[in-house]
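I am opening these notes to record what I looked up, one entry at a time. The sequence and the structure come first, then the entries.

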Amino acid sequence: MKISDHFLWGGATAANQYEGGYLADGKGLSIADVETGGNIDHPREIHESVHPHTYYPSHEGTGFYDHYKEDIALFAEMGFKCFRMSINWTRIFPLGDEEKPNEAGLKFYDQVFDELLKYHIEPVVTISHYETPLHLVKKYGSWRNRKMIDFYMNYCRTIFKRYKDKVKYWMTFNEINETMNKKNPYHQAGILFQEGEDKASTVLQASHHMLVASAKAVILGHQINPNFKIGCMVQYPESYPATCQPLDQIAKREYMLFTHYYLDVMCRGLYTNTCLAKQEQLGGKLIINDGDEELLRKGTVDFIGFSYYFSSIVSYQRDGSINAKGRNPYLELTDWHWHIDPLGLRVALNELYDRYQIPLFVVENGLGAVDQLNEDGTVDDQYRIDFLGKHIEALKQAIEIDHVDVIGYTTWGCIDLVSAGTGEMKKRYGFIYVDKDDQGNGSLKRYRKKSFYWYKKVIETNGQTK
Ligand code: BGP
């Protein structure tokens with residue numbers, strides 16, 4: 001099977017890491033707006049309000065709010081067929097629980113979509129990408145609370161109606177499966193655990209609310225425009241058994257459960273045996289209202305969007321726990337200690353397609369690295385070209401040899417932006433260098449890196465990496 005001529009090559013971003021303008025034109029505070037910077041050893045800190053001195057990263061991002069025309073022109077120059085971005089929930093509903101949206105926020109995205117469409121670039125929109133309104137977190141406890149479904153639906157209804165003729169591809173929640181995987185699912189679900197909280201029940205209940213919200217969004221979106229393609233989005237944790245000991249194979253299966261839990265519900269429309277086993281293992285309590293199961297059944301997604309950065313190896317420990325932090329001796333590491341595993345992408349695509357049999361969209365993949373801006377304005381990022389080239393080759397094998405149905409590929413942070421994990425600026429992913437440092441200094445001037453010209457050729461040739 002050949003890569004389709006309509007294959008969606010492009011790049012991906014998120015409002016909270018890219019836009020800046022955190023209070024512009026009536027925008028309210030989101031969870032990302034009250035996070036400090038950090039680094040690989042010191043995690044970002046989260047406060048309840050803005051501390052004027054500490055908050056460079058999400059406030060300024062790398063300036064899409066003011067530079068969108070210039071940036072979209074650069075994406076068009078590379079030949080992007082699509083551009084993944086998120087709508088910043090708090091531009092539309094500054095607090096989150098209002099009935100009426102903020103017109104200035106809606107207008108901003110009208111302009112962005114018009115600009116993209118001018119160049120025939122298809123917008124791919126994440127509805128919630130770490131941008132939950134802070135007010136909803138403080139007043140309602142975020143997704144712990146069932147009321148969030150209504151707030152989210154009000155937001156979805158507003159943007160679906162407003163952009164129904166401009167946007168076709170949507171994703172309901174970024175990396176929803178991290179809600180179960182993270183110590184504190186703050187980015188995904190707006191949740192920092194309280195002392196003494198029954199974490200398992202909170203995770204199950206918050207996840208249920210998000211899954212119902214996702215299903216309702218799919219149903220509503222299709223009513224508003226039957227041509228909408230509405231997907232889910234997970235972080236795909238490709239993993240291998242650390243040894244050929246059968247127990248390590250079981251460990252791999254168990255390790256994948258936090259992802260299958262969400263995918264099973266969103267793709268198959270029910271809590272499968274796998275989900276029930278995971279619920280039991282976690283031991284929490286889950287309340288399912290009348291009618292929820294029908295919603296889950298009717299609101300299954302049109303495609304699976306996923307991020308893929310690295311693979312892990314998993315092994316069973318003597319105490320019965322699973323270790324997924326081992327070092328794979330066959331793979332090299334990035335500067336941020338992530339295994340580099342292009343073939344893992346082919347494995348991931350096959351696993352996902354075998355299990356769900358719906359179209360797949362690689363919506364994040366890339367290399368976070370320290371780049372050097374030369375005096376003449378060039379950046380020689382051959383390492384990024386090598387990394388992406390190998391991943392694209394693996395993607396092509398999955399399509400051409402294995403017949404996996406993949407509709408698109410967007411590299412993460414196609415223009416430099418703030419790292420979600422660490423809040424750093426120096427962890428760069430882009431084809432376009434942005435002059436900004438970890439302290440927030442810099443002109444925000446844009447420069448084309450070597451990989452910019454390379455990716456342009458990849459797209460021009462529909463996937464040739466050399
Ligand atoms: C994913 C997120 C993105 C992005 C990416 C890279 O988890 O969806 O928002 O940031 O990871 O991670 P990091 O920024 O930590 O390098």
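I began with E364 and found it in strand β10, residues 360-364, where strands (E, at least two residues) and helices (H or I, at least four) are DSSP runs numbered from the N terminus. I keep in mind that this is a predicted model, in which local features need pLDDT of at least 70 and side-chain atom pairs count only at pLDDT 80 or more, while totals for chains, interfaces and linings use all residues. Residues are numbered from 1 along each chain as its sequence is written.

I looked up the record for this position: an unreviewed UniProt entry lists E364 under "active site", and such annotations may be inferred rather than shown by experiment.

Leaving aside neighbours within four places in sequence, I noted contacts of E364 with A12, S307, T410 and W412, a contact being two C-beta atoms, placed from the backbone, within 7 Å.

Next I traced the sheet, in which 8 strands close into a barrel in the order β1-β2-β3-β4-β5-β7-β10-β11 with parallel pairing, strands being paired if DSSP finds at least two bridges between them. Neighbouring strands of this sheet are turned by 25° against each other on average, direction ignored, with axes taken as lines fitted to C-alpha atoms, for helices over the stretch in contact, and angles running from 0 to 180 degrees between N-to-C directions.

Strand β4 (residues 169-171) is joined to β5 by 3 bridges and runs parallel to it, with Y169 opposite K229. On to β7 (residues 303-307), β5 makes 5 bridges, again in parallel, and there V234 stands opposite F306.

How many of the 7 residues of strand β5 (residues 229-235) are buried? I find 5, so β5 is largely enclosed by the rest of the structure.

My last entry concerns helix α15 (residues 382-400), which lies across β10 and β11 (406-412) and runs at about 170° to β11.

Definitions and conventions. Buried ≥ 20, exposed ≤ 12 C-beta atoms within 10 Å, placed from the backbone.
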